[in-house]
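Please look over the sequence and the 3D structure shown here. The report below starts with a ligand and then moves through several strands and helices.

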Amino acid sequence: MPLSRRTFTALTATTAASLSLPLSTAVAATPDDANTPGPAPEADGRTHTVAFDKYSLLVDGSRVVLWSGEVHPFRLPSPSLWRDVLQKLRAHGYNAISIYVAWNFHSPAPGVYDFTGVRDLGRFLETAAEEGLYVIARPGPYINAEVDAGGFPGWLTATKGTARTSDPTYLAYVDEYLTAVNEIIARYQYTRGKGTVVLYELENEYASNVTSPAGKDYMAHLYAKVRADGIDVPLFHNDKGRNGYWTPGSFSTGDESGRYLYGFDGYPSPSGNPPDWGYFGVGGAKGGSTASPDTPGLMAEFGGGWFDPWGGAVFAGKGYEESRRTRDAAYERRFYLTNLANGIKIHNVYMTFGGTSWGWLPAPVVYTSYDYGAALDEARNVTSKLTPMHQIGQLLRSVPDLAKLDRAQDTAAADPALKVYHLTNPDTGAHVYVLRNDTSASITSTLPLGPASAEVTVGAKDAKLVLAEAALGKRELAYSTVQPMIQLSAGRRDVAVFAGRSGEPAEAAFAYEEEPEVTVLDGPATATYEDGILRISTHLDGLVRVVVGGTLLVLFADDETSARLWRYDTPSGPVLVRGPALLRRAELHGATLHLTGDTIEEADLEVWAPRGVQLITWNNGPVHVRTTPSGSFTAGRALPGVPDVQLPALTGWRQRPENPESEQDFDDTDWTVADKAASYSTTPVPAGRPVLFADDYGFHYGDVWYRGSFDDANGAESVNLAYSTGTQGLLMAWLDGRPLGTHRMPVPTSAQSTQGTWTATAAFALPADLRTAGGHVLSVLVRRMQHDEDGGARDSHKSARGLTGVAFTGADPAVTWRIQGASGPDPVRGPLNTGGLYGERHGWHLPGLDLDADGGWERVAFPVDGPARQGVSWYRTTFRLAVDHDVDASIGLTFTDDAAHAYRVQLYVNGWNMGQYINDVGPQHTFAVPNGILRTRGANTLALAVLADGTTPAGPGDVQLKLLGSAAGGVEVRSVPSPGV
Ligand code: GAL
């Protein structure tokens, strides 16, 4: 009598020995409804329910494991490309994304909110819904995220009250923001059928005030406000590590209906072993497995790379290839599979597409690129890190049993160095094993897998997930020693795909009552049949194909091949495509299957399609196909790869020096007089002196100029200029137009904190012949970089920026200070685009400036080896690109020069500030420019604002366009509006 799967589970629970019993061929257990995977979400206009139990989210009653990647819309300022990134993630097995919303990106002033253009959050959420991705919304109000002030608007740094507490002034501003942002998020909740938002985060890593009323009341206020704004999906907080902070019940939610769950994050070192978060292991010191037993494991952020600091001796940023190398594909398998073994069912990887901290977005700790070493790089290229994500994401979609797991009986491998997590689905009896090798050598060991005992290989510092007694579609997988990836039924064939490292042995065993016919179509594979189990054995190499019983196609793919296997679910059933670099979409119209996607190299096209399909198109062109013994169609000819992309050299440069502000007779009458007596900054105001902090006068981003007028310099010997910036800030000063020198903010030693220590005093001797009576002007330019983040909830973002105090030696003249920064936010590009340089205030960064009419723009050839001069010079040119319509070319700008030259560049492409290059600091030399801002078919304006300290030739050296990636295909890209002068 065949044993039912449920009975069998019960047996295995009481016997440790491996049994060899016949298994039923059909799937005996009836899974509860929740074990059927829901379809990909869409904005279908219907209402949906989003709930959870201790295992997972329940969407319309179906279990969903969220396999999510963090993406920041504000770090990709080209709305058309949002679709590209989202399609790439969806194709690679993600079913969700998580987004921060940066308050500062949307609010140039109190009460002013902008959600249009590159800030169109609604459009982003709509695109995510169209691409079938769930969304986790994380609008803060504090986000951290390596953005200026951790996302707080510049203007908030100059307001009363303590941020991140229940302070009433702060809360009033928070409410204003939440009203604006929640109006959009609420509209795109999955519960309303217009979008796919299923979770919403309150605050972020709020590890302070956990027990105090200021903290509890703050969280309670946020909860109540968000609910009042119509957010009805479950809420959570992101605890900074599994501390057990802000678990359900830790603050008042006013509703006890269980719509709040516990979430936490983790960024473990790649050189350590993955932590056990506490579902099956011992748990964290402050909560462990008891942190929140009734809510599903929610990892709001898990490290997918790491951010990189500026270059130089102390912090020594190495560039993002290093993050990608240390948190590589094997890191992802080992750490993320351990998370799944620990009961994490909502898993978000931070970052999955990092993008660019353009303009003045980056926090002081990072430079422009926020590539993060993520699976999808800054130039939108797929990296090898997407392969494991793809494999695991597809697996979660194909095997719904993984959404509900309990700890099962401890199981050990013969080699104790192979760590085994054994789990089981209590409804279906499916067994899940996460096998992890923490050693530096590959391990091959036998271990019990369900009823059998098998030999499994796990590479050095790697992991895999295997199943036993699990339904794989209509078949029962007795066990496998290789990770399952995809299961689907296409036409008359059931297809089961397994994937792993090239060269590794792989075995998949299926339950069959009678010995089935086995045909090896491709590759080295053998099959044996014994006691109701068919075992297929092979080594992974390309694609091994085996047909079993005429109806089941078993594919064994090595990593590289698996990265070219695409599943797409259509209303008529799933499609499986092999070959191209990306499948974006599959649509069935009548008997024609329309596929769209990308190729890079020439590629095969093989398709397993629903019944009835006769014709196939690729990117709207017909493909001649024939049928194969694998039950698929293949194209007679390879799909073409991407043609060469030619980029022009940058020539025709014009140069114009600026900083008239340093001249004595510059007219500053319309500048703001800096005469405030008090500030809300955390930086003290020197007694009896005026406030000089830029934020107090409404200048929150980029450079700021000061002009101090005084009548008598008699006796004055030197001036001490105290100032405060983020890392890499500097100050330069002139007296009556004569340069006094440049002071660079010293980098604290690594032993010091990076926060709040960025203050210094520049001491300059006054030229002897200027120590006279009569009017004098002290001009000071401060590159003040950005505001600190406020991770510790200590108002660190309110640390002053700009001059903080001025004192002369030898005399104490009365100085009248005037200050000038950016001249009002660019209505399209926003407040973080420009600072207060003369050129920025006069549109020298914008397209359309008539250089002949403007005057003073000399022709210049690069490299510029001009004389050393303290101050600012601008360089401009235009260039045309003519990239084919159907080519997605990702393009950047590369700067190369003698690293001894002390200068820095802000680069403007069509008026958009695409970042800051510091020639003698690095490490970033190449700056990605998103298409849309860059016109790939048409004219572009490039402007460089070069700030030099006057000690070396003032550059720039070599500046070139650089191709960062290309593919035939891509999405339609609309130009981002780029108004000129
Ligand atoms: C987390 C934080 C994120 C980001 C990340 C590091 O702790 O929640 O916002 O700062 O660290 O990239």
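A polar side-chain atom of Glu 301 lies 2.9 Å from an oxygen atom of the ligand. That is a polar contact, a pair of N or O atoms within 3.5 Å; within protein, one must be able to donate a hydrogen and the other to accept it, and residues adjacent in sequence count only if both atoms are side-chain atoms. Taken alone, the ligand exposes 310 Å², and the protein buries 95% of that. Such areas come from the Shrake-Rupley method with a 1.4 Å probe; for residues, only the protein chains shown count as cover.

This is a predicted model, in which local features need pLDDT of at least 70 and side-chain atom pairs count only at pLDDT 80 or more, while totals for chains, interfaces and linings use all residues. Residues are numbered from 1 along each chain as its sequence is written, and side-chain values use heavy atoms, with hydrogens and water left out.

| Residue | Distance to a ligand oxygen atom |
|---|---|
| Asn 144 | 2.8 Å |
| Glu 146 | 2.5 Å |
| Glu 301 | 2.9 Å |

Around the ligand stand 16 residues; the closest are Tyr 100, Ala 145, Glu 146, Glu 205 and Tyr 372.

Next comes helix α4, residues 121-130. Helices (H or I, at least four residues) and strands (E, at least two) are DSSP runs, numbered from the N terminus. In α4, 7 of the 10 residues are buried. Buried means under 20% relative accessible area, exposed over 50%, partly exposed in between (1.4 Å probe, protein chains only). Among the buried residues are Leu 121, Phe 124 and Leu 125. The buried residues of α4 pack against β4, α2, β5, β6, α5 and β7. Contact means heavy atoms within 4.5 Å. Gly 132 follows α4 and has a positive phi, near 70°.

How many residues of strand β20 are buried? The count is 8 of 8, so β20 is largely enclosed by the rest of the structure. In a regular strand the side chains alternate between the two faces of the sheet. Arg 493, Val 495, Val 497 and Ala 499 are buried on one side of β20, and Asp 494, Ala 496, Phe 498 and Gly 500 on the other.

Antiparallel to β20 runs β19, joined by 7 bridges. Two strands pair if DSSP finds at least two bridges between them. Asp 494 is the bridge partner of Ser 489. The two strands form a hairpin with 2 residues between them, and Gly 491 in the turn has a positive phi of about 65°. Parallel to β20 runs β26, also joined by 7 bridges. In β26, Leu 552 is the bridge partner of Asp 494.

Phe 510 sits in strand β21. Its relative accessible area is 0%, so Phe 510 is buried. Beyond neighbours within four places in sequence, the contacts of Phe 510 include Leu 472, Phe 498 and Leu 552. Leu 472 is 38 residues away in sequence and 9.3 Å away in space, C-alpha to C-alpha.

How values were computed
A residue is near a molecule or strand if one of its heavy atoms lies within 4 Å of it.
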